[in-house]
Amino acid sequence: MLESIRIRINGDWHDFTPGVDFKASDSLAYLLKEKMGLTGLKVSCDEGACGACTVIKDGHAVLSCMTLACEAGGSDVLTIEGLDDNDPVIKAFAEQCEPGYGTAMQCGYCTPGFVMASKALLDENPSPSMKQIKDKLSGNICRCGTYPAVAKAVLSAAELRKNDGVIIKEEFKPKISRNYIGTYRPKDDGLEKASGQAHYLDDLFLKRNFPDMLFAKLLRCPYPHARIKQIDTTEAEKLPGVKTILTYKDPDVLAFKPTNASWTGLDTRHYERMDWPNYQDRQVLSDTGRWVGDEIGAIVAAESYDIADEALKLLKIEWEVLPFALDPEKAMQPEAPIIHPNINPEGNILPGGGFCGPDVFVDRGDVATAFAEADEVAEVTSKHHNAEHGVLDTRGCCVLWEGDRLICWTNYYQGDQTRMHLANMFNIPLNKVRICIPYIGGSFGRGNTGDQPFLLITALLSKRVGCPVKFKHTRREDFHDTRNALTWTIKMGAKKDGTINSMSFYGIINSGAYADSTMAALKHIPGIEMSECQLAHIPNLRMEGYAVYTNIIPGSCMRGIGNNQINLAIGLAVDVMAEKLKIDPIELTIKNFGHEWETLPDKSLEACLRTGAQKIGWEDRHGPGETKGSKKRGIGFSFNMGWHTGWQEVARGHVQLGVKLNPDMSVILEAPMAETGVGSNSCAVFACAEALDFLNIKPKDIHWVSIVDTDTGYKDMVQTDSAVSYLHAELMPKAAARLKKKLLELSAKHLDTSADKIDIRDACVYFKNDPEKKHRIKDILWDGDLVPVLITVSELMPGEMTGVPFGATFADVEVDTETGKVEIVKLVVVSDCGTVMYAPGAEGQQIGGQCMGVGETLTEEIIYDDATGIPLNFNWIDYKIPTMADFPEVEPILLEVWKGAGEYGACGIGEGVTTCTARSIANAIYNATGVRMDEIPFKPERVLSALSVVVQ
């Protein structure tokens, strides 16, 4: 037995006994979180790749997940809890809202790690340069992409606003000046996140807080395609600390209905009304695995994750290893192994029909004749891979039963949908299921595949053992439900004057092992949304597509559903056709594309393209490959429609909120949404303050309830495309009007008059015939029974068809033809928002989205061993997410040209900001080198290979 060790933590000495307080293999992070309850640090990757667990040890920033607890004896350890809220670094992070940089945190999960790394840097070097900041903080990952704002916050903390490397950016000027909406203000939850006080799932459910809590681990299929013939749990059940094991043979498991991972969608759907009833391809805890990592066969509940892991190793399993297919085109062949015979007994193509439509899902005009009549025809193919979300806060839940009532805490952002899912699958009333969602460390569409089997199995385990059970993915297990790999071939016909008279689309999408939202990516977005809103003026249009099951990781939503993939092809077709016609591709785009509610040219699209072209220096653009030397510069662009406008959100059903005015004039705002980082909570608070201006209510007077709780009765809003930034805001004027009416009624009774004779301004009631005769609302409320005034609103979004706005991305790149490295010199991201709800948040979306856009374009890629079907890089060491050192200059441009219906008429931009990145870079590479790059990612070896073909 080792002797006790002493560690000075945040100024106080603490004694710990090895073997009692921690094991020899336990990390410092474990000791700090589990034994000390210091939840500011976050453990995300658990392999030293993300920096979220950074603390300061003996004056130096260290990764606490990679530092053994026993190594910390005698050390001085500082965590974020040891900093005062007025610490310059925390203050700078919390208040960063300077134009053009976004906010220094979005979801906030990585923020404490950045704060501690920044403090260590400034303690060592009080006057760092921008380069030094990037170098020192390059070990910290922010998937939300707040890197420029983080660097700006560090400089602000050091009071070095004029330091080298700082670029003064243009401030957004709103079309309509308002008190709070569209302004530059710190995030409403900035201090909470910057100081580490925001609580996420792992912070709430620690063993120290729930001593009887058990931990669940699912069996993962080690083969790309295999069936369990027999399973023996005898030895695993004997392992000390194992409490129960469920297998696919258990009657309660067999009682679960077949499902899929996307049957709720944006709105709350009953099992009988699921979005994709044709694709019930998931059997909960099935005996058959269809990709390496598939959750099948057995789940263990034990006293620790380590014990549960060991128990899984002790299972004796007889496997029937089956043939597999990784490539969709090979999986379409007659001899390919059939992956889901219950869905298609004859092959791996997902059958059409129903909501997803037939294989030819758009057929407008006469495409064949139009091609024959065209003066030029271009045919192109682009391949998009299945990038991974890279969310720092890995998926999980904690479930407990109180009698016959199920309570589930989860970091999936669909509260009401998850409640419906669990109630339907357990066949219990909705009031017997309670879902609670705390802060979430990112999502990026991951939560749209919310009906995951682990929620059901964890709930079943908890019911079996009678205590709380926690399930949480490891970093490697969280590689799950990626963006769909999709190949589009587009044929485009045009007249000499640049009029596009015909387009045909042929797509093959790799569904992976399960359907999820694959059909939405292949058919719904291109066929229903895009054909009406972007391709409306193309008279002859044909779209054909096939979704194919394979034995790889499932594909689904990822900051959009199909938009990135089809843009990679459309942007190429436009660029190629413009070159054939000798027309500027910007002019070709403006001449032909727009939504059906507006005649051409589309005002929003033209404004985006003209603005972006001016900012990138389009007029100085040279011809393809015309620069000399080994390092070649080029610029390119791509464009795409926006979506999640008000009329498109009617399908969500009612939006609900509650405003409670307390007698002291403080406000509690119930605007239920899981805060994932897009700033929707700030938008709701600012819109509430805007609407309550007649009461002199300021944002600081409003408390937004951060935990989604289905027991409150308010329906939560699903965070898609940052649309929630305006959904609640649209209801605020109605809530304010109802509140004012109630206050007038109360005041009239108090003043012995009638409500029509008085009004409210500046938090005072005044008589219309004598404005100087005033009474403070606060005094009237305090003189009453002190009951808060409560207003609830439940409304649909305006259904008026107002079309959509557009967005565009322009890229300036440098290609080293000797090494194949592509360096992005600058990106200009232009977004028409209708109304900018929160300027730093919107700019943060534009900038931050490039972490994902640049990553999947240049460095990120899941690699498979073709011989075994095993994925080789389910980790953040080999799957390379951009860091601060990799991040380019991004200039965000916000426009308010288009306007939707309602008070604000805004739209979401969270998905659109990544849509055009890959194609704008690809077109810039062509402009630089004269070589087309049509399959991402553009890694150096792929670039060199393309260049060598041209040379030959």
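Start by selecting Arg-559, which sits in the loop between β22 (555–556) and α16 (563–581). Keep in mind as you go that this is a predicted model. Check the backbone here: phi of Arg-559 is near 45°, a positive value in a residue that isn't glycine. Is Arg-559 buried or exposed? It's buried, because its relative accessible area is 6%, and the cut-off for buried is under 20%.

Next, jump to Ala-763, in the loop between β29 (758–761) and β30 (764–767). Here too you'll find a positive phi in a non-glycine residue, near 65°. Ala-763 is buried, with a relative accessible area of 14%.

Now go to Pro-601, in the loop between α17 (585–592) and α18. Step on into helix α18 (residues 603–616) and pick out Ser-604. Ser-604 counts as buried, at 2% relative accessibility. What does its side chain reach? Look for the backbone nitrogen of Phe-806, at 2.9 Å. Leaving aside residues up to four places away in sequence, Ser-604 also touches Pro-805, Asp-832, Val-897 and Trp-898.

For another cis bond, select Ile-936 and Pro-937, where omega is about 0°. Pro-937 is in the loop between α25 (917–929) and α26 (940–951).

Finish at helix α1 (residues 28–35), where six of the eight residues are buried. Among them are Leu-28, Leu-31 and Leu-32, along with Lys-33 and Glu-34. Show the neighbours too: the buried residues pack against elements including β1 (5–9), β2 (12–16) and α7 (201–204). Just past α1, Gly-37 has a positive phi of about 70°.

Technical notes
Residues are numbered from 1 along each chain as its sequence is written. This is a predicted model: local features need pLDDT of at least 70, side-chain atom pairs count only at pLDDT 80 or more; totals for chains, interfaces and linings use all residues. Side-chain values use heavy atoms; hydrogens and water are left out. Buried means under 20% relative accessible area, exposed over 50%, partly exposed in between (1.4 Å probe, protein chains only). Helices (H or I, at least four residues) and strands (E, at least two) are DSSP runs, numbered from the N terminus. Contact means heavy atoms within 4.5 Å. A polar contact is a pair of N or O atoms within 3.5 Å; within protein, one must be able to donate a hydrogen and the other to accept it, and residues adjacent in sequence count only if both atoms are side-chain atoms.
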